[in-house]
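Please read it alongside the sequence and the coordinates.

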Amino acid sequence: MSRTKVGTMGKSMMYRTCTVQVNLDFASESDMRTKMQVSTKLQTVATALFANSPFTEGQPNGLLSWRWDIWRDTDNQRAGLHEFMMSDELGFERYVDWVLDVPMFFIKRPGGYIAHHESFRTYMQKGLVGPDGTHHRATWADWTLHLSTVFPEVRLKPHLEFRSADAVGSQFVCAVPALLKGILY
């Protein structure tokens with residue numbers, strides 16, 4: 001099964017980007033909502049403050065954060081800023097509904113990966129017939145794998161994962177979590 005590309009920068013994202021990711025906790029659903037919404041608003045600021053990718057193959061690329069530009073054209077169904085995250089309806093259930101409707105990449109079974117590009121919701125309802133004719137049903141491991149393939153600027157896990165800052169020199173790495181902790185706590 002072939003898949004239409006949804007962005008032009010997927011390979012560059014995988015091979016040419018690096019970030020400082022910060023994970024911070026939340027105490028409740030309302031605390032998660034507040035921290036996700038405040039930090040989502042801050043992600044463009046974090047991108048600007050920690051911009052550190054002005055070169056491509058040793059040449060100036062005209063950008064301060066090429067990494068951020070790459071993510072803007074990778075796969076906007078699963079990456080970037082999403083309007084629902086700023087709405088009053090944001091909660092655990094709304095986030096799960098969004099992830100359920102994001103197209104999958106694949107499932108993993110003994111012997112390898114099986115491509116599957118329907119939504120996880122469709123996979124739960126219909127399953128998947130593999131290339132060898134085996135019918136596969138959704139498992140918890142499939143869901144966990146799928147959750148790892150969504151890349152919003154702030155990703156909900158058992159914690160909040162902030163993904164917008166370019167990798168910086170080791171002397172500045174702690175500045176990213178310090179900034180976010182200082183604002184959110």
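## Cysteines

The model is a predicted one.

A disulfide is a covalent bond between the sulfur atoms of two cysteines. Here, a pair of cysteine sulfur atoms has to lie within 2.5 Å to count as one. For Cys18, the closest cysteine sulfur is that of Cys174, 15 Å away, so the distance is too far for a bond. Seen from Cys174, the closest cysteine sulfur is in Cys18, again at 15 Å and too far for a bond. Cys18 is exposed, with a relative accessible area of 52%, and Cys174 is exposed as well, at 60% relative accessibility.

Side chains alternate along strand S1, residues 19-24. Val20, Val22 and Leu24 are buried and point to one face.

Strand S11 (residues 160-166) pairs with S1 in the antiparallel sense, over five bridges.

## Second largest pocket

The second largest pocket has a volume of about 260 Å³. Its lining draws two or more residues from each of helix H4 (92-101), helix H6 (140-147) and strand S10 (154-156).

Among the lining residues are Phe92, Tyr95, Val96, Trp143, Leu147, Arg155 and Lys157. By residue class, the lining of this pocket divides into eight nonpolar, two polar and two charged residues.

How values were computed
Residues numbered from 1 in each chain as written. Predicted model: local features only at pLDDT ≥ 70, side-chain atom pairs only at ≥ 80, totals over all residues. Heavy atoms only, no water. 1 Å grid on protein atoms, 1.4 Å probe; cavity = no way out; pocket = protein on both sides within 12 Å on 5 of 7 lines; lining within 4 Å. Points joined across faces, edges and corners; volume = space filled by probe spheres on them. Helix = DSSP H or I, 4+ residues; strand = E, 2+ residues; numbered from the N terminus. Nonpolar A, V, L, I, M, F, W, Y, C, P; charged D, E, K, R; others polar. Buried < 20%, exposed > 50% of the residue type's maximum accessible area, 1.4 Å probe, protein only. Pairing = 2+ DSSP bridges.
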